[in-house]
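Dear colleague,

Please find below the structure that I am handing over to you, followed by a summary of what was found in it.

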Amino acid sequence: MKICVCLKQVPKKDSILRIAQDQKWIDERDISYEMSEADAYALEEALRQKEAHGGEVIVISMGPERTRQSIKEALAKGADRAIHLDDPIFEQATDAAGIGRAIAAALKDEGCDLIMTGLQSDDHGFGQVGLIIAERLGMSSATIVMEVQIETGSVRVKRELESGWFQWVRVPTPAVLTIQSGINQLRYATLKGIMSAKKKELREVKAADLNLTADDLKPLQSIERAYVPEKSKQTEFIEGKPAEIAARLVEKLRFDARVF
Amino acid sequence: MTSYAEGKRVLQGGSFLLEDHVPEDVFTPEDLTDEHKMIGQTAHEFTEKEILPLDAEIEAKDYKLTRELLRKAGELGLLSIDIPEKYGGAGLDLLASLVSAENMSGQASFSGSLGAHTTIGTLPIVYFGNEEQKKKYLPRLATAELVGAYALTESGSGSDALAAKTKAVLSEDGKHYILTGQKMWITNAGFADVFIVFAKVDGDKFTAFIVERTFPGVSVAPEEHKMGLHGSSTCAVNLEEARIPVENVLGEIGKGHQIAFNILNIGRLKLGVSSIAGVKRLNTIAVEYARQRNQFGVPISSFGLIKHKLAQMAILGYVSECMMYRTVGMIETAMATIDRDDPRQALKAIESYAIECSIMKVFGSEILAYTTDEAVQVFGGNGYSKDYPVERAYRDARIARIYEGTNEINRLIISGQILRRSSKGELGLFQAAKNLMGEMLSPSMPEDLSDGVFAQERQALANCKKIAIAALGSAAQKYRDKVQDQQEVLAAASNILISIYGMESAILRTEKLVASRGEAACRNQIDATRVFANDAVQHIEAEAKTALAAMSEGDELRMMLATLRRFTKFIPVNTVALRRQIADSLVEAGRYNL
């Protein structure tokens, strides 16, 4: 079983985000980065499947030099080797189509049985890269995956639907699965793993290696303006008998505030 | 691990006083390798997810749980960073060990248990054990199958450790040493399996022994009722004709002091690093509280006096971090020139930085005291309540100024070591003092400021070094071999040295940062360095006056004070505005952010 995990490095959760001067994205200076949360769960799932069924886990990530920190973390946790798409040309790929195209090109000859990605990244949150990779490589796909059972020639997965509903589907392999956060318990990188990661293969891939040019990766989507959500305060008093108030409050919390 | 030290020049311990170090010489947190960062991350995540959620249980002295947590940390390799690979460890550098200690200090009691186990409980065997002892104990200490402890102190001998009364006598058959005595304040004693015990063979040869809890005659007294660190075990260990096999003598008979004192250097460094981590954490807690606590209709973080406290905690956290990483970087560079597999060489390398280790212990524990105290103040009445975290932090922090050598003992070490090494010719203090005399007698010429972000601070630093050289040189001349009796003067000199080390470390790291990121991206760090340097000059002047007035009088004192005035010329910076800026940035970030 050859499993490839797509990782994205994103600003750390506790970062103080400021809008960049051009108002197109955040100001990336002074920000620390980490592996996107759902991708960390995808990696964990891949490692568990490898431990159960044998095989190899490859991680792939696209991004500048700093991305290596997250790639090394994946190697320290147990991935066998890594591919780093590191080239200024890849910076063109700011939308899901470009990212998906570049990653699919890099994985074309790998012959992966499974490709796992996080459901969506913590920064852009497109939720599309996995599906675009599947389309480009002619693989089947399943999204919002909660559980993975590997079978011969197929994989049975539990998908999360809305309102607490789930669906079990059988997907023929090779397949792309987009993994939901929280489906397993993340492991720590052990010191042994951290030190042995240095000896693992980390292959750097340039756009030219994939016969891709800046034009090929030109975004089809762009961000017009980034801004901080505007807050507004509104107070509503619910009148009536306590039981009525409670019922109305529950309704408001469920359907308006959507807190449960 | 890629060694930071390659190609760096080795800087002698204590040389910061007499030489000018440059930014390229200093190691900073920004220089950590990816591996160090990942070790830090593992330690941090482990603490956040496994230890902090069990805080209440740990504080209730659930030692079974503490052992279990130590075992889990061992599985990840966090207990064996300093243990050579050959004996089941990771055999990594001191930086890795400190990065891990920093990130595992979130629960103070557990951090105490962990430190006692990995540092003073394990390192004596790493550095002084023979092959059999290492094979027997280290792999099991690495996994916490065995928990270690260190038993040096007795009721009558704390700081004066060599006055220990515990006796060791060889049995008639020559197979055992019979130990009799009582050791006090032993961290981990309640559940430890292996104790490094110090006793005097035949009543005079101070020697270390590896003592197992199960050896006949070994017993552990009930838990002490302590002011803080309630979740760490502290008991007396009784040795009633305890039978210790002769093969458990650690190191050489009569050379126990080498073990006792050298291991403490590393202990001091680790205490320093966990204190600094505590300062940064408490700064965040105070910032969070000040942001949401309203008085007079506004958050208290908008008041100048609260801003002062929040900023000062952060400034001290930043400066101490500069000092710590610089110190460890110097030790690592020295270690790169020796055979790391020879523990004695390694220890000797560490020993030569005893001055810096003591500085880190004193400074770290005292800024932690300041921070816990002011955190309580920021919390106001709530800070005095057990329902808020700062009340406990205040009590937990108090011991840091006492153990691993009291701050008084460490202050005597700092200036005492400079004087001792100078009289041995290892440091050029006396020549520098002589040169300075010539300068003092010549007329004062206006000095040109150098260029750069810290022009005034750099000039002040050079002058403060002269003050320290003059004070120490005068003390050596006046008191000669009786200088150790002048504790107050030595302490004043040490305070000057600590301030100088802090000022220089902050200047060097910040200059290095500015060179790589540009001034605009280092606003807080530049401001923090300026405020610290400004205050340091004032403290140094006050300490120097105390020392000079104690050492001289009349015309001599007047001449010295005139020179002091010349060396402390400094246009005060607007620390009020700078602290406010730093505080505003902390409040915006909601945490320590330097």
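The centres of domain 1 and domain 3 of chain B, taken over C-alpha atoms, are separated by 20 Å. Their contact takes 26 residues from domain 1 of chain B and 27 residues from domain 3 of chain B. Please bear in mind that this is a predicted model. The division of chain B gives domain 1 as 32-146, domain 2 as 150-254, domain 3 as 257-408 and domain 4 as 414-574.

Helix α13 of chain B

Helix α13 of chain B covers residues 407-423. Just after α13(B), B:Gly425 adopts a positive phi of about 85°.

How many of the 17 residues of α13(B) are buried? Twelve are, and α13(B) is therefore largely enclosed by the rest of the structure.

Salt bridges

Over all chains, a search of the whole structure finds 59 salt bridges. One of them joins A:Arg81 to A:Glu110, with the closest N and O atoms 2.8 Å apart. This pair links distant parts of the chain, 29 residues apart: A:Arg81 belongs to strand β5 (residues 81-85) of chain A, whereas A:Glu110 sits in the loop between α3 (96-107) and β6 (114-118) of chain A. Both A:Arg81 and A:Glu110 are buried. They also take part in a network of salt bridges that includes A:Lys2, A:Glu56, A:Glu201 and A:Arg203.

In chain B, B:Glu439 forms a salt bridge with B:Lys466, and the closest N and O atoms are 2.9 Å apart. Because B:Glu439 lies in helix α14 of chain B and B:Lys466 in helix α15 of chain B, the pair ties together parts that are 27 residues apart in sequence. B:Glu439 counts as partly exposed, at 29% relative accessibility.

A further salt bridge brings together the side chains of B:Arg523 and B:Asp527, at 3.6 Å from N to O. These two residues are four apart in helix α17 (residues 523-551) of chain B, and so are separated by about one helical turn. An α-helix has 3.6 residues a turn, so residues three or four places apart point the same way. Are the two partners buried or partly exposed? B:Arg523 counts as partly exposed at 36% relative accessibility, whereas B:Asp527 is buried, with a relative accessible area of 1%.

Cysteines

The search of the whole structure finds zero disulfides over all chains. A:Cys112 is in no disulfide, the nearest cysteine sulfur being that of A:Cys4, 4.7 Å away; a disulfide would require the sulfur atoms to be within 2.5 Å. A:Cys112 counts as buried, at 9% relative accessibility. B:Cys464 is likewise in no disulfide, and the nearest cysteine sulfur, that of B:Cys322, is 17 Å away. B:Cys464 is buried, with a relative accessible area of 0%.

With kind regards

Terms used:
Residues are numbered from 1 along each chain as its sequence is written. Chains are lettered from A and ligands numbered from 1 in the order in which they are written. This is a predicted model: local features need pLDDT of at least 70, side-chain atom pairs count only at pLDDT 80 or more; totals for chains, interfaces and linings use all residues. Side-chain values use heavy atoms; hydrogens and water are left out. The expected span of a helix is 1.5 Å times one less than its number of residues. Buried means under 20% relative accessible area, exposed over 50%, partly exposed in between (1.4 Å probe, protein chains only). A salt bridge is a side-chain nitrogen of Lys or Arg within 4 Å of a carboxyl oxygen of Asp or Glu. Domain bounds come from an automatic or database domain assignment. Contact means heavy atoms within 4.5 Å.
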